[in-house]
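Please consult the sequence and structure shown below while reading.

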Amino acid sequence: MDYFAQQLINGLVLGSIYGLIAIGYTMVYGIVGMINFAHGDIFMIGGFIALITFLVLVSFGLTAIPVILLIVLLVSMAITALYGWTVERIAYRPLRHSFRLAPMLSAIGMSFVLINYSQVAQGARVKPIPPLITGGYTLHEGSGGFVVQLSNIQIVVVITTVVLLAIFTWLVARTRLGRDMRACEQDQTMAALLGVDVDRTISMTFVIGAALAAVAGMMYLLYYGLVDFFMGFVAGIKAFTAAVLGGIGSLPGAMLGGLAIGLIETMWSAYFSVEYKDVAAFSILIVVLIFMPTGLLGRPEVEKV
Amino acid sequence: MSGDRASDRINQRILAVDHLSMRFGGIVAVNDLSFEAGQRQITALIGPNGAGKTTVFNCITGFYKPTGGTMRLTHEGAPAIALERLNDFRISKQAKVARTFQNIRLFPGMTALENLMVAQHNALMLASGLTFLGLIGAPSWRVAEQRAIDLATFWLKRIGLLDRADDAAGNLPYGDQRRLEIARAMCTEPALLCLDEPAAGLNARESAALSELLLSIRAEQGTSILLIEHDMSVVMEISDHVVVMDYGVKIAEGSPQQVRDDPKVIAAYLGADEEEAIAVMESGT
Amino acid sequence: MTGVSGSPSEPKPAAGAPGFGAVLKTGATSAFVALILFSLMIGIRTEAGPTGQLIYWTRFGDLASLVAAVFVGSIAVELVRQWWGPAGGRVVPASVQNGLSIAGRFVAPALLVFTLLVPVIFYDQRYILDLGILVLTYVMLGWGLNVVVGLAGLLDLGYVAFYAVGAYSYALLATNFGLSFWICLPLAGILASLWGVLLGFPVLRLRGDYLAIVTLAFGEIIRLVIINWQSLTGGPNGISGIPRPSLFGIPLTPGDDGLAAMLGIEFSPTHRIVFLFYLILALALLTNWVTIRLRRLPIGRAWEALREDEVACRALGINTTTTKLTAFATGAMFGGFAGAFFATRQGFISPESFTFQESALVLAIVVLGGMGSQLGVALAALAMIGGFELFRGLEQYRMLVFGLAMVLLMIWRPRGLIGHRAPTVYLKHAQAISSDLVKEGHG
């Protein structure tokens, strides 16, 4: 039971990270109808930016952890958001009216570019950092000697996720930008005719998605203590699975899906086999798309003949 | 409400729709609809926009699964087939029901001839021995292929597109595309041909040619036709029987003349009350 | 019939004199963005230090030169764009088009003759022969995937799975049961096509992007299973000692029972390479021949109709389920054949050779070639693999350039090199159909 509780905690934390990435997928799919294959790699870039920023700050003698974290958060969000913006401008916007295959292949190309770029820029080896946030709380000491723990870093991850989710939900529901996004999701042409700057709205969607992915990257770095140039590929597919599971186009669905995938992955590793945990995640994608393509919170679509 | 030879029709009907209903979530698109289409007859399904006519078509041709009711298709001298139990492509293949679409669905990147060849897919698959006879170039396959080309040529000539047989379907002018779609449906040698607004976008001359084509199809191929149409000249000219829908229910049925003079029908199209319609009619305007 | 395409992002036509100030401004903006993007990733280089902790050093010189390059490059692109007009709006004069299509008719036979003579011309250049074998392998993979993506319009991002199944089937059958290549080849194809059907079933109702990502997941699952099922596949170490092919039982060895001894000529290791070359050429030509014939048969026409409009297919009584499954199975079969060849050529296989990058590469070849065009795919394979070879020594930049090339290709020429489709039956005259009319399929 204690073991299960620990896995539950671990799974929810991992799921928060997946959820942050999944939001980017679901928003982009909702507004332009494409799967942003390069989004997972934006997450990876976010991790790298966080790593480098952290390194620079520490080398300048900064020691106050909360200050460092805040600066790293803001810097990596800003720069990674710019990466997201650039990718959209270069690889997707020119193809917006092209046929269906084009943006997807372009996205795959962009994914390769980002992976190889970070490999060339920072070398192929995994980059470790010492744990920035240490300590935690012992929740329960089981009779079998197993201790259920909640680490500080886990608390940070969850709180950051909750705060960002709240800000972001407010953004979509209450601000002008959010309204424009929802309008473009429904009918781009009509939105344009009503004065919505469609180009800017779509760009902002990518930017916000990238910023959230950057946060996920930074959380990943803090939680696992390392980044590598290939981490975006698998995480991207899992996050996309989360977005689909939750119902593509639905924001709460993305987070819900993320938590679910995190839990499933953790439980599978804990109780079945660690080697095949990725296979489990990919299989879920296939199963969901076959049996429940609209996901948990999505809206069913009827094909118009 | 059928003033034409009802007893004859019941004996020789091809399609009997009984208490058909279709819901989408909370919306009832078709509500308890019953009507019949006669063998070798042209039946028109008319009504204002949004009446549910295309939904009925989609149910009959297997694109939607109706939420209630039955649709029985009876070939001459054969037992009835329950359409609501067949899956989409089987309705064309086994029940021999063909259709065209409101927004033309040709294969734009294939030539007119290729479009008509695709329509004969099932017969050709059989003749090619599930491809294997075709791969080795067996003579029986070549004969079958030539026969298919001949049928396609026949229809191309019939619709006046023989000299455009090798042109891409997507390059054809609109009116030609409409006729090609009908020819393609006829290449499946159907018993029932369902046409969804075949005259949409056609000018008067083209509509007249369409009417002529449909009448000749009925006469020479003996195909029964069910059509959705807004163009009243076409409907009046060629239909043997008309069914009128509004808001998902049948509001009138009968011969073209009967339906034309029915105040309920006029009211539905005008968006007015039945009493108002009667008043207008009686005042002679 | 068609919807309104209000497009706020359509490029504005060049207005009179190219405002040089505007061009400079674009350059400056690009350079500024590049500066921010590259500031940390390029300017600072991290590495795991000798004692395990993270160290870094600065590369501001590299950063400066890269930003300058972006500035110059962006100005150049702007100037070219203003001079040349919006991408895709260029009209090739009719005379040139006619000339090209006449020349085009000779390209295929000429290329075939040349390929047949390659081992003769380049007999002593092992490097060229190896390259030729590699190109032909990808040509065959491209032709195989072409059935699924180009003809049937089913977006398959996991084609490498069938390649892997073919390779591992042959390897396991040969090393465990000692079966000869010629028996294992059809078996590999059958096994691969079985997997093709297995993949096909779950994705029947999926469209477009969803279909693509599920096939991607499928490919990854196969790769992960291969890596982890060590007892069967040897895991990351792969399978080695895969026997070389023989000419129907006659081995190509220096011994007395070898082919060289039989023919009375002196043995040379080049013999095996030449044999492999003609073997893959034969397999590729088989793929090509079958595809061309199938296109003219009802099944091939049904595949293309499926790509054009699936709903219309159903309305014509075509069983779209079996149509899709046969497309997957056929494409998978050819992939399996290619995989078996790959295993026997290398003598050793490992999961490293079957990554998503391979699937993407083959897909890029099919798209670059102009989906559905046999000649186009062959030329695209030649261009891509040849291009990759030019990156010998610069391998770390290879994927970077490949990715950029994919992006540029989609922007500039998304329909591929060959811009038309040839009809499979005609009454009077086969007219090529412009690829603008041909649908790309949604799965």
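How many residue pairs are in polar contact between domain 1 of chain B and domain 2 of chain B? In this predicted model, the count is six residue pairs, with both residues at pLDDT 80 or more. The side of domain 1 of chain B that touches domain 2 of chain B comprises eight nonpolar, four polar and six charged residues.

**Domain layout**
- Domain 1 of chain B covers 1–96 + 192–285, and domain 2 covers 103–189.
- Taken over C-alpha atoms, the centres of domain 1 and domain 2 of chain B are 28 Å apart.

**Extent of the interface**
- In chain B, 18 residues of domain 1 are in contact with 14 residues of domain 2.
- About 1200 Å² is buried between the two domains of chain B, and carbon and sulfur atoms account for 65% of this area.
- Of the area that domain 1 of chain B buries against domain 2, 31% comes from Leu193(B), Leu213(B) and Gln221(B), more than from any other three residues.

**Charged interaction**
- One salt bridge is counted between domain 1 and domain 2 of chain B.
- Glu220(B) forms a salt bridge with Arg158(B), and their closest N and O atoms lie 3.4 Å apart.

**Contributing elements of domain 1**
- β7 (192–196) and α9 (204–221) of chain B each provide at least two residues of the side of domain 1 that touches domain 2.
- The most is given by α9(B), which contributes seven residues to that side of domain 1 of chain B.

Notes:
Residues numbered from 1 in each chain as written. Chains lettered and ligands numbered in written order. Predicted model: local features only at pLDDT ≥ 70, side-chain atom pairs only at ≥ 80, totals over all residues. Heavy atoms only, no water. Domains from an automatic or database assignment. Contact = heavy atoms within 4.5 Å. Buried area = accessible area lost by both parts, 1.4 Å probe. Salt bridge = Lys/Arg side-chain N within 4 Å of Asp/Glu carboxyl O. Polar contact = N/O pair within 3.5 Å; in protein donor to acceptor, adjacent residues only side chain to side chain. Helix = DSSP H or I, 4+ residues; strand = E, 2+ residues; numbered from the N terminus. Nonpolar A, V, L, I, M, F, W, Y, C, P; charged D, E, K, R; others polar.
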